[in-house]
Amino acid sequence: MKKIIFAVTLLFISITAFSQSEKYMQVMQQNIALLDSAKSKDDYQKLANKFEMIASKEQNQWLPFYYAAFCNQMMCYNGLKGDEIDATCDKADVQLTKADSLQPKNAEIMVLKARVTGARIMVSPMTRGAKYGRKSGEILQQAMAIDSLNPRAYLTAGQALFYTPKMFGGGKEKAKPVLQKSADCYNKFQPTTPLHPNWGKGFCGYLLMQCEEKK
Amino acid sequence: MKKLLLIFFALFFSILSFAQTKISGKVTDGKNPMVGVSISVKDSYDGVSSNNDGSFSFETSEKGEKILVATFIGYNSFEQKIVCNGSPIVLNISLKEKFNELKAVTISAGSFDASDKKRATIFTPLDIVTTAGSAGDVTGALKTLPGAQQIGNQEGLFVRGGEGRETQTFIDGMLVRNPYNTSVPDIAQRGKFNPFLFKGTSFSSGGYSALYGQGLSSALVLDTKDLAEQSETNLSLSSVGIGGGVNHLWEKQKMSAGVSVGYFNLQPYYALVPQNIHFSKMPENGNVEVNFRKRMNKNGFLKFYAYTNNNALGLQRPDINDVDHLKTAFDLNSKSLYTNLTYSGMLNANWNINAGASFSGSWDKINLGELRNDSVLDYRSIGINSSNTLSQGRVVFTRYTGVLSAFRIGAEYQYGWEQSKFTSFGINPFSTYQFADNFTSTFAEMEYYFNAKIVMKPGVRAEYSSILGKENVAPRLSVAYRLGKNSQLSFAYGDFYEKPDRRYLFYTHDLNFEKATHLVLNYQRIHNDKTFRVEAFYKDYKSLILTPLSSLSLVQNPSNLYSNNFDPTNISNGGHGYAKGVELFLRDKKTIKNCDYWISYSYLDTKRIYSYYPSEVQPDFAANHTLNVVFKQFFPKLMLGYGVTYSWASGRPYFNPNQPSDKFMSDRTPDYNVVGMNANYLTHIGKAFTVLVLGVSNVLGQNQIYGYRYSSDGTHREPIGLTASRFVFVGCFMNWGVDRRQQQVDDNLK
């Protein structure tokens with residue numbers, strides 16, 4: 001009898017333990033899937049809240065912090081303004097620092113950090129363009145040094161060139177080969193697990209298409 | 001039985017675990033609903049974001065005592081204990097705004113901040129160079145702000161009924177003795193420093209901090225840039241001269257150094273565009289700038305900056321006393337040096353140190369003379385060899401307390417040397433006037449935030465000047481109170497002292513500091529890239545230097561700094577005066593796309609008795625009404641921008657020797673109306689990022705009259721105005737930057 005109770009208890013514990021990580025996988029997958037349909041600032045705000053909640057429960061997982069920062073960064077590119085951008089970028093930077101401490105020298109985290117830095121330019125492009133553009137480029141450089149085949153690193157570099165006026169060293173022509181490289185990397189890319197970063201392919205295609213268009 | 005019990009128990013347990021607790025409610029910021037707030041049960045996967053009306057509702061399978069958390073960016077997070085037992089929970093949550101730099105109230109009375117550091121900027125360094133009519137001069141752009149006068153015949157910022165010398169310039173905290181090129185009679189000179197040197201510009205039109213002193217009216221506080229952003233080479237070609245420079249940023253990005261040279265000569269330009277006065281020596285200016293910046297350990301930063309120039313010109317005007325036969329001549333040869341070494345860093349977790357040393361000097365050779373029949377210098381010529389040096393040391397300790405509050409304490413020492421040697425009639429040896437002053441000051445200031453809504457900044461400054469043998473203690477106080485999300489009220493009070501001008505101290509040391517007391521009340525609203533300010537002020541002047549002449553007929557051209565309108569045996573602190581007024585400022589970067597405009601209006605009522613004045617009158621540098629409209633537009637697709645500035649000022653008093661002394665300064669010049677325009681085009685020439693600039697001052701060619709020069713018998717006069725009806729500037733600025741980043745991206749593509 002004791003053995004049975006012991007066995008049942010053990011089973012019960014293992015089930016709860018299993019269901020715990022199962023739950024993490026499930027919740028993460030569910031929300032990562034929602035990223036594809038997110039469009040507005042409010043959509044990303046909701047998802048950022050979700051990932052932040054998961055991050056506060058799963059303090060040892062870097063991915064919830066990563067995705068929380070990703071959503072915050074997307075809010076900046078989808079409607080936030082002025083001081084809101086700075087405050088949101090501050091928040092994303094904290095989340096990325098945490099992710100970095102859990103998963104040091106990770107190219108994905110670096111790429112996101114470069115994007116957050118780039119987002120700060122929008123507050124005042126005239127006065128901040130040079131400073132933050134350069135800083136963002138440096139971080140991206142470190143990311144490429146770690147993983148020279150990371151498609152999101154080239155997407156970010158290409159995107160920056162795409163939106164930088166020709167006069168300041170950007171433009172579609174300059175962006176095109178970088179985006180092409182990104183697209184090649186996307187074709188070979190396989191995420192380590194279904195939870196790992198795997199976004200941006202569609203956006204890369206969209207930008208490349210824009211590069212093809214007659215100016 | 002036992003098995004049954006176990007099954008039953010397990011069943012019950014699992015049912016229980018499926019029982020959900022519904023949590024719902026509404027989130028507000030105290031008044032309005034908040035959208036997108038994260039509400040969750042701590043340490044669980046259960047949570048939701050609030051809807052457009054602030055409402056939220058979700059279910060949790062958690063059991064027992066838990067903590068509900070609500071968070072939103074910029075707000076303090078909300079936590080409350082809840083008991084999850086299946087019965088619904090309804091919560092109304094009110095979030096409080098976090099106390100941080102972005103949201104906190106700032107002291108705005110009397111001050112215009114312009115840096116990238118403070119994100120709620122009003123005036124940025126880029127604004128300075130793109131302001132039409134400013135000719136890329138810091139002072140030129142600041143003149144379009146409320147409180148400043150449009151003075152065209154003397155350099156400096158004339159603020160709220162104050163003279164140009166009442167505004168002091170500080171670079172990285174250190175006083176700049178000679179911020180402008182040496183004065184030339186009736187022609188305003190440019191500031192020496194390039195606006196791109198500075199990351200921040202803070203212009204105070206009154207009630208400024210106890211950290212600064214010796215300006216009766218105003219302080220212009222400039223902070224130099226940190227490390228160079230990249231290694232680069234610059235070249236500029238313009239209608240007035242050429243310049244070039246290199247900057248190197250070391251690879252680890254801890255150190256940068258640069259040197260630049262400039263040479264300006266107006267001969268080619270004046271050959272094309274005739275001037276109203278004859279230049280016997282074309283204005284010529286050569287300068288060299290050096291900078292070195294190093295990031296040290298422990299967040300320390302070391303900066304060194306040096307500037308030296310050599311400036312020469314000669315001009316001749318028909319002498320109003322005998323236009324046909326006589327000319328007055330002015331020749332200037334000037335050398336100057338400015339150096340500045342500063343260190344800032346944290347001493348420990350709480351204390352920050354700012355220490356600096358500076359040496360500067362100016363050495364001028366001036367000849368004033370009369371020319372007969374265009375030939376040689378007449379016997380009446382006067383030579384002036386004028387020089388000054390200022391050596392100073394300064395240290396400020398800052399202790400940060402709480403979120404934003406800070407306590408500052410510091411001291412400075414200045415050794416000033418002033419000398420003028422005069423020779424007259426060409427044969428007499430030099431007579432020398434000189435003095436040295438050991439000037440010390442100490443100051444303390446507390447910037448205390450009671451909360452995000454109220455900040456108070458009391459301060460005190462004590463100064464001692466050895467030449468005067470006198471000390472002063474100046475209290476200062478600023479308060480700001482936030483009225484709503486975007487608006488605030490601010491108040492400033494302070495006493496300000498300044499040493500008498502050197503030309504009086506050459507004759508007597510038995511003088512005291514001049515004194516001004518400021519009261520400033522300011523309302524400011526910043527919302528959606530729109531700024532609106534109203535400011536009222538009252539200023540009381542005491543102990544101004546008074547040197548009455550026995551007769552007004554002895555007064556020479558008063559606006560000319562080299563005319564000695566005083567009696568050396570009769571100098572006292574007997575002058576006094578007041579200034580009061582209201583100023584409006586409106587800036588809008590939002591309404592018209594890619595456009596930025598501001599409108600400033602100043603009303604000034606001021607009178608003073610000082611200098612040679614026989615009675616208390618409105619001084620000749622004060623206009624009652626000043627209006628500036630500055631407009632800028634940029635077309636990103638064309639990479640083309642333009643700007644227009646319109647300035648208007650009501651007529652200023654001038655001295656008319658024909659008036660009886662009870663009508664002293666009762667005449668007014670015509671109104672001042674000026675339109676300036678500029679255009680810039682960004683492009684590439686070869687590999688160089690290039691900016692082409694066109695600037696035109698006084699586009700409409702209106703006649704500007706700053707005052708009149710009278711003949712000694714008062715029968716003839718001529719207006720003091722521009723040297724030419726228009727000034728056109730054409731320039732090309734090229735930059736070759738070494739952007740390693742792009743190079744590396746390209747390498748990866750191979």
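Predicted model: local features only at pLDDT ≥ 70, side-chain atom pairs only at ≥ 80, totals over all residues.
**View 1. Chain A is built from helices.** Chain A has 9 helices and 0 strands. Along the sequence, its pattern reads α-α-α-α-α-α-α-α-α. Taken along the principal axes, the box filled by its C-alpha atoms is roughly 80 × 40 × 30 Å. Of the 215 residues in chain A, 40% are buried. Among contacts in chain A with a separation of 6 or more, 61% are between residues 24 or more positions apart.

**View 2. The largest nonpolar core contains 55 residues.** The members that touch the most others are A:Tyr66, A:Ala69, A:Cys71 and A:Ala143. Helix H3 (residues 62-77) of chain A gives the largest share of this core, 12 residues. In soluble globular proteins, nonpolar side chains tend to be buried together.

**View 3. Chain B meets chain A.** On the chain B side, 32 residues are in contact with 34 residues of chain A. Four elements of chain B each supply at least two residues of the side that touches chain A: strand S2 (38-41), strand S3 (47-49), strand S34 (672-685) and helix H6 (740-749). H6(B) provides the largest share of that side, 6 residues. By type, the residues on that side of chain B are 11 nonpolar, 14 polar and 7 charged.

**View 4. Strand S23 of chain B pairs with strands S22 and S24.** S22 (residues 431-449) of chain B runs antiparallel to S23(B), and 9 bridges join them. In this pair, B:Glu445 is opposite B:Gly459 of S23(B). The two strands form a hairpin with 4 residues between them. S23(B) also pairs with S24 (residues 470-482) of chain B, in the antiparallel sense, over 12 bridges. Here B:Val455 stands opposite B:Ala480 in S24(B). S23(B) and S24(B) form a hairpin with 4 residues between them, and B:Gly469 in the turn has a positive phi of about 65°.

**View 5. The two faces of strand S23 (residues 454-465) of chain B.** The covered face consists of B:Val455, B:Lys457, B:Gly459, B:Arg461, B:Glu463 and B:Ser465. On the uncovered face are B:Ile454, B:Met456, B:Pro458, B:Val460, B:Ala462 and B:Tyr464.

Conventions:
Residues numbered from 1 in each chain as written. Chains lettered and ligands numbered in written order. Core = buried A, V, L, I, M, F, W, Y, C linked by C-beta atoms within 7 Å. Buried ≥ 20, exposed ≤ 12 C-beta atoms within 10 Å, placed from the backbone. Contact = placed C-beta atoms within 7 Å. Nonpolar A, V, L, I, M, F, W, Y, C, P; charged D, E, K, R; others polar. Pairing = 2+ DSSP bridges.
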